[in-house]
Amino acid sequence: MTWALILGMVWTVISRVSPDQSQAQAGSVPKEGFAAPDFTLSLLDGGEISLSELRGKVVLVNFWTSWCPPCRKEMPAIESVYRSYKDMGLVVIGLNLTAQDSKQDAALFAQEVGVTFPIALDLDNSVGNLYRVTALPTSFFIDRKGVIRSVIVGGPMSEAVIRSKVEELLREDQ
Amino acid sequence: MFPYLRLGPFLLQMPLFALLVGLWVGLTFIEKEAARLKLNKEKINNLVFYGLIGGIVFARLAYAAQYASVYISNPFSLFSLNTNTLLPEAGLIFGILIAGIYAYRQKLSFRNSMDVLAPGLAFFMIMIGVSHLLSGNAYGAPTRAPWAVYLWSDYRQPTQLYEIFFALVVFMIVLSRMIPANAPGLRFIQFIALSAIARVFIEAFRGDSAILIDGYRTAQVVGLTILVVCLTLLRNWEGKDEHESKIG
């Protein structure tokens, strides 16, 4: 097998990544390692939010509906993490798939939990489709450069899981 | 790509399911090989079980250690089913260590035990490829090749298919005992060496390689290092006794 070792070494040298051939992923795709697709949505409390305007902050985008039991269960944990880290640069977007829910039910539940982070309303499911959300809840952890670093499908996420993912990104330099 | 299957209120993670199938079928091959090499089937099963459980536990503990303050205040989160909170490298090292300790305490022949694991692990490697195909992970670099697949908004090398193909070839070689192995442990070393060769080759087509230094891909450098170790072991162990020729 010595021949394999020699060929392997040659192959490794010729297939190395040249400085102008970056391994950074081009395009916006809802996948770890790619830039998070941008969106602009209206907020439950009025106004709008755009993901691209949050560059420089760590962002947690949590897709949810009020009728989804694991979404309901993890929401207090998300709120607790948000309160702990918002001054350090964490932004949470509670992205309600309103096309599958209702604005009233979403508002009622947010009030019940005492949510203080922005709740965005996806009225036509366009952002849900853009992020290929096939299960609820789904959470995207986005770093300060706007790159998706972790995707958690299903839930409920424990508070420790959310905290560890957020801390990992907050520790990184801007 | 087919990452999830909804079964009523449950969400089946297909990549994880593929790995479980790989484990189950792999264990069947291991049991057959244990019988062929006349090793205690129960002890080999325990070896795999302890290695696996130990690996998973340490993968979680190693992850938690990075965020000690978080897990100290929420210790029950250590028992989460979330696969995102595991450190696989630590799990692999500790899993092997725990299996080694078990083998030592049970006085299992180390090299024979490794040989028994080879066909099962070779099958598991195929299912790792299937798992990548289902999840869309381990994706290829953008290409204009006619056999490119459209994935993650670009035409890419179908590296998951390459992975499955080469794992199948390695599995067939290991299962059919195509390359002679004249000493205990050589069958396993052959499997590791062939897998390392496959990885060094496939990695060149990946679009998500970790880069070590000066453009060199980490997986290729690690693969070559493993290959050097395997070649050294093959030379040292070969011809010392007539292991498989005695078994027939």
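This is a predicted model: local features need pLDDT of at least 70, side-chain atom pairs count only at pLDDT 80 or more; totals for chains, interfaces and linings use all residues.

Colleague: How many residues does the contact take from chain B and from chain A?

Modeller: Chain B supplies 32 residues, and chain A supplies 33 residues.

Colleague: Which elements of chain B each supply at least two residues to the side that touches chain A?

Modeller: They are strand 1 (4-7), helix 3 (68-73), helix 7 (186-203) and helix 8 (218-237) of chain B. Helix 8 of chain B gives the most, with 6 residues.

Colleague: And how do the residues on that side of chain B divide into nonpolar, polar and charged?

Modeller: On the side of chain B that touches chain A, 18 are nonpolar, 10 are polar and 4 are charged.

Colleague: What does B:Trp237 touch, leaving out residues up to four places away in sequence?

Modeller: B:Trp237 touches B:Ala183, B:Gly185 and B:Leu186. B:Gly185 is 52 residues from B:Trp237 in sequence, and the C-alpha to C-alpha distance between the two is 8.0 Å.

Colleague: A change of topic: at what angle do helix 1 and helix 2 of chain B pack?

Modeller: Helix 1 (residues 14-36) and helix 2 (residues 41-66) of chain B pack at about 145°, and their axes are 9 Å apart. The crossing of helix 1 of chain B with helix 2 of chain B is right-handed.

Colleague: Which residues meet there?

Modeller: From helix 1 of chain B come B:Leu27, B:Ile30, B:Glu31, B:Ala34 and B:Ala35, and they meet B:Lys41, B:Ile44 and B:Val48 of helix 2 of chain B. This contact has 6 nonpolar and 2 charged residues, with no polar ones.

Colleague: How far apart are the axes of helix 2 and helix 4 of chain B?

Modeller: The axes of helix 2 and helix 4 (residues 88-105) of chain B are 7 Å apart, with a packing angle of about 145°. This crossing, too, is right-handed.

Colleague: Which residues of helix 2 and helix 4 of chain B take part?

Modeller: Among them are B:Gly51, B:Gly54, B:Gly55 and B:Phe58 in helix 2 of chain B, and B:Gly91, B:Phe94, B:Gly95 and B:Ile98 in helix 4 of chain B. The contact of helix 2 of chain B with helix 4 of chain B has 16 nonpolar residues, 6 polar and no charged.

Notes:
Residues are numbered from 1 along each chain as its sequence is written. Chains are lettered from A and ligands numbered from 1 in the order in which they are written. Two residues are in contact if their C-beta atoms, placed from the backbone, lie within 7 Å. Helices (H or I, at least four residues) and strands (E, at least two) are DSSP runs, numbered from the N terminus. Ala, Val, Leu, Ile, Met, Phe, Trp, Tyr, Cys and Pro count as nonpolar, Asp, Glu, Lys and Arg as charged, and the others, Gly among them, as polar. Axes are lines fitted to C-alpha atoms, for helices over the stretch in contact, and angles run from 0 to 180 degrees between N-to-C directions. A crossing is left-handed if the near helix is turned anticlockwise from the far one by less than a right angle, and right-handed if clockwise.
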